[in-house]
Amino acid sequence: MNIWFKKDLSLADFEGLGKGTLGEHIGIEFTEIGPDFIKATMPVDHRTKQPYGLLHGGASVALAETLGSIGAAMVIDHHQFICVGQEINANHLRSARSGLVTGITKPIHIGASSQVWEIKIYDESGKMICISRITVAVLKRKAGSLQQ
């Protein structure tokens with residue numbers, strides 16, 4: 001079942017979406033869209049490591065929030081509503097030292113006023129390194145608002 005507001009949503013729709021944002025700075029790239037999921041990768045490099053040479057937990061959370069927020073935004077009518085994060089949590093299960101990590105987000109709940117999304121992050125060998133959950137509020141867009 002296709003959950004997206006724009007039924008023919010594709011990676012082309014994401015081009016330029018994160019321009020000038022944290023996601024662009026740390027190298028997040030969207031790689032796949034399915035009927036009920038979005039995937040993105042992030043490098044484990046000087047931008048995303050902590051002093052011990054491991055993937056920084058905050059970088060994992062940034063990937064998770066980016067994926068969950070984009071997922072939430074893609075199931076609403078942008079002319080009428082916006083989504084804003086309310087809460088995010090993450091459990092860091094193992095470390096990554098190099099390569100790419102891949103995050104996959106899927107909805108747990110899509111309601112009229114709130115949504116909950118789960119994000120699983122895997123290393124290149126397919127081992128889950130982090131699991132996260134984000135809750136977003138769905139707000140009515142204010143008339144004349146410049147928010148996208």
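Okay, hi everyone. Some ground rules before we look around. Since this is a predicted model, local features need pLDDT of at least 70 and side-chain atom pairs count only at pLDDT 80 or more, while totals for chains, interfaces and linings use all residues. Residues are numbered from 1 along each chain as its sequence is written, and side-chain values use heavy atoms, with hydrogens and water left out.

Let's start with the sheet. What is the order of its strands? It goes E1-E2-E4-E5-E6-E3, an open sheet of 6 strands with antiparallel pairing. If pairing is new to you, strands of a sheet pair through backbone hydrogen bonds, either parallel or antiparallel.

So who is at the edges? E1 and E3 are, and each has a single partner strand, so one side of each has no neighbour in the sheet. From one strand to the next, the twist averages 25°. Angles here run from 0 to 180 degrees between N-to-C directions, and the axes are lines fitted to C-alpha atoms, for helices over the stretch in contact.

E1 and E2 run antiparallel, joined by 4 bridges, and they make a hairpin with 4 residues between them.

Is threonine 41 buried or exposed? It's buried, because its relative accessible area is 12%; buried means under 20%, exposed means over 50%, and partly exposed is in between, using a 1.4 Å probe and protein chains only. Not counting residues up to four places away in sequence, threonine 41 touches several residues, including Gly27, Thr31 and Val101. Touching, or contact, means heavy atoms within 4.5 Å.

Moving on to E4 and E5: these two are antiparallel with 8 bridges, and a hairpin of 3 residues joins them. Glycine 103 has isoleucine 121 as its bridge partner in E5.

Last pair: E3 and E6, residues 128–140, run antiparallel with 11 bridges. In E6, isoleucine 134 is the bridge partner of isoleucine 88, and arginine 133 is the partner of asparagine 89.

On to helix H2. H2 lies across E1, E2, E3, E4, E5 and E6, and runs at about 135° to E5. Alanine 59 is in this helix, and it counts as buried because its relative accessible area is 8%. Leaving aside neighbours within four places in sequence, alanine 59 is in contact with Met42 and Thr48.

In the loop between H2 and E3 you'll find methionine 74. Methionine 74 is buried too, given its relative accessibility of 12%. Setting aside residues up to four places away in sequence, methionine 74 touches Trp4, Phe5, Lys6, Leu9, Phe14 and Leu17.

Rolling a probe the size of a water molecule over the atoms shows where empty space is left. The grid is 1 Å over the protein atoms alone; a pocket is an open set of points where a 1.4 Å probe fits, with protein on both sides within 12 Å along at least five of seven lines, and lining residues have an atom within 4 Å of a point.

How much space lies in the largest pocket? About 880 Å³, where a volume is the space filled by probe spheres set on the points, joined across faces, edges and corners. It's lined by 31 residues, and Leu17, Gly18, Thr21, Phe30 and Ile70 lie nearest the centre. H1 (22–25), E1 (29–33), H2 (57–73) and E3 (81–92) each supply at least two lining residues.

By class, the lining has 15 nonpolar, 10 polar and 6 charged residues. Ala, Val, Leu, Ile, Met, Phe, Trp, Tyr, Cys and Pro count as nonpolar, Asp, Glu, Lys and Arg as charged, and the others, Gly among them, as polar. That's my tour, thanks!

Key
Pairing = 2+ DSSP bridges.
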